[in-house]
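Here are some friendly notes to read with the structure open beside you. Take the points one by one, and find each residue on screen before moving on.

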Amino acid sequence: MDHQSPPCPIVQEPPILSIPEEVIVELFYWSIDEQKPATHLLQLRQVCKKWMLIIDSAPLLWTRITAADGLANVRIALRKTREALIDVVYPSKDCKISLVTFLGEVEHKILLWRSVDIELSGHTRAVYVYPGLQTTVVPSLERLRLYRNPSTFSRATEIQLFGGAPAPAPLAQVTICNIAVALEPLRLASLSSLALRRIPRVSVAELWRILEESLDLVYLALEELNDLQVDMLAPLHPIHMKSMKYLILELPVSVIHLLLSNIHAQILTDLDITCELSDSPIQSCLLTPQIAHLIPSLKSMVSRTNIMELGFQRPGISIRAGGLGLELNTAGGVGGAGIYACMQQAIEWLMENVAPYLATVPTRLHFQDINPRAQDAWLFSNTLRVVELSLYDNGRFANVPTQLLSDLGPPAPPFSQWLFPNLEVIHFDLGDTYHPRLFHTLRGRYGASSSTSRSGGNAETRQHPLRPLREIRFYGGKGFAYAPEKSVEFLKMVQSKVPSTTLFWRRELETEEM
């Protein structure tokens, strides 16, 4: 009797193994851990033999060489990359090897460096030894980022990169922060992105030469270059930056004005300016007729405004409208009416030259450690549609905006209208000492006893009726105070004054179960 052997079961490959290898490589490339890529790849190799073969035969996967992987894994990754271009990364955290050791390990592949990203933490002593970068031209370098925490600024001896030779031709993106790099020998040109912060001994002439030779620049950030001076400088010729979209300037106001007067950027989408103003009005030192060529770009960026943000804080003011941001430190600090006059001048200039409709745009008003007078608050109540109000106090300056809380109550002579009648949201960041004043304001403004004055009253209050309060956010937003423990009793008292208002405590929604 013949005995037939049972048929062998057909073993099918898992579906993932039928995916083409080039697709698997692409999936791995976009999913591996950027912080420790070599460590992650070595783990993936252990899944199965096929994955091991695929990973080992794909140099592209190993090209991010980061010190966070540790010395042993860095050496493995360097072998796996073969002749592929590599990205050299030294992060500020999780590095168990020194910068000098790490760069010494990758220096033998310097001809294949595609990008260099070195970041030193604020607690790291100044390290101005960069093996390879200081002595050798890196012919394939496309991106260079040398970053040291600005809080550790010191005037160290300048270092030269590439042995004093010009930067390699492919170099298109440069970021240098708080590292004393000799800029002029690099002869930077044909850049798409340039960010310089706290670089000593930079001249306006050299910056202008870089711009003239980088007309395709998209991103430009110049911050805290306090050595820049415009004295004894020959007149600049206007430059048409046809590709520039992002411009960030934190410089002396005279330098900012000089740059804005001569940079023509028709497709500029974002402009951020930080400077200290002199005693002169803003229209004479910054927002002058010399920058009129930028108005079409300003109109476009401000048109994206959903909510305009105006801030009063030490030592000046801030404005954010769409892609336009201004931080202006006033010479007079927070004393007197200097900051309010400066804000009024800036808003008036914007309305007259850029966006007349800003008067109707929802506005968020911030007061940080400042106690405005009634007439100062009324400057903006009469001209802007303030829908959010933020009152912050970090306890150091004893400038609690208590007077503003009182002014939010029922109109009192010489005022006949509600202050900020369109107000819908309050951010409240004061200590519990000031809760009674808050209760008094809420009762006077939104309580049942004030319903007649809200809907009736004189002709002016009827013309500008009071909107209901939609939200109160306690210790939300950008406040710096240390909030006390949440008091359910306090929240219930607030809710009793404004029953239809939604309450938040530290961004958490409070419900009726409180």
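**Notes on helices, strands and what covers them**

1. Let us begin with Thr81, which lies in helix H4. Please keep in mind as you look that this is a predicted model. Is Thr81 buried or exposed? Its relative accessibility is 0%, and buried means under 20%, so Thr81 counts as buried. Leaving aside residues up to four places away in sequence, Thr81 touches Pro59, Trp62, Thr63, Ile65, Ile86 and Lys109.

2. Stay with H4 and bring in helix H2. The axes of these two helices, H2 and H4, come within 9 Å and cross at roughly 75°. Angles of 65 to 115 degrees count as roughly perpendicular, so that is how H2 and H4 are placed relative to each other. On the H2 side, the contact is made by Ala38, Thr39 and Leu42, and on the H4 side by Asn73, Ile76 and Ala77. Sorted by class, the residues of this contact of H2 with H4 are four nonpolar, two polar and no charged.

3. Now turn to another pair of helices, H1 (residues 21–31) and H3 (residues 49–56). They pack at an angle of about 75°, and their axes are 10 Å apart. H1 and H3 are therefore roughly perpendicular to each other. Which residues meet here, from H1 and from H3? Glu21, Ile24, Val25 and Phe28 come from H1, while Trp51, Ile54 and Ile55 come from H3. The contact of H1 with H3 has six nonpolar residues, no polar ones and one charged residue.

4. An α-helix has 3.6 residues a turn, so residues three or four places apart point the same way. In H3, the buried residues are Trp51, Ile54, Ile55 and Asp56. What covers these buried residues of H3? The cover includes H1, H2 (37–44) and H4 (71–81), so you have already visited each of these helices above.

5. Next, find strand E6 (residues 193–197), where Leu194 lies. Leu194 counts as buried because its relative accessibility is 1%. Not counting residues up to four places away in sequence, Leu194 touches Val174, Leu188, Ile210, Leu217, Tyr219, Leu220 and Ala221.

6. Finish with strand E11 (residues 270–276), which has two faces to compare. Leu271, Ile273 and Cys275 make up the covered face, whereas Asp270, Asp272, Thr274 and Glu276 make up the uncovered one. E11 pairs with strand E9 (residues 246–250) in the parallel sense over five bridges, and Tyr246 stands opposite Asp270 in E11. Strand E14 (residues 324–329) also runs parallel to E11, joined to it by six bridges. Leu271 has Leu324 in E14 as its bridge partner.

Notes:
Residues numbered from 1 in each chain as written. Predicted model: local features only at pLDDT ≥ 70, side-chain atom pairs only at ≥ 80, totals over all residues. Heavy atoms only, no water. Helix = DSSP H or I, 4+ residues; strand = E, 2+ residues; numbered from the N terminus. Buried < 20%, exposed > 50% of the residue type's maximum accessible area, 1.4 Å probe, protein only. Contact = heavy atoms within 4.5 Å. Axes fitted to C-alpha atoms, helices over the stretch in contact; angles between N-to-C directions. Parallel < 35°, antiparallel > 145°, perpendicular 65-115°, else oblique. Nonpolar A, V, L, I, M, F, W, Y, C, P; charged D, E, K, R; others polar. Pairing = 2+ DSSP bridges.
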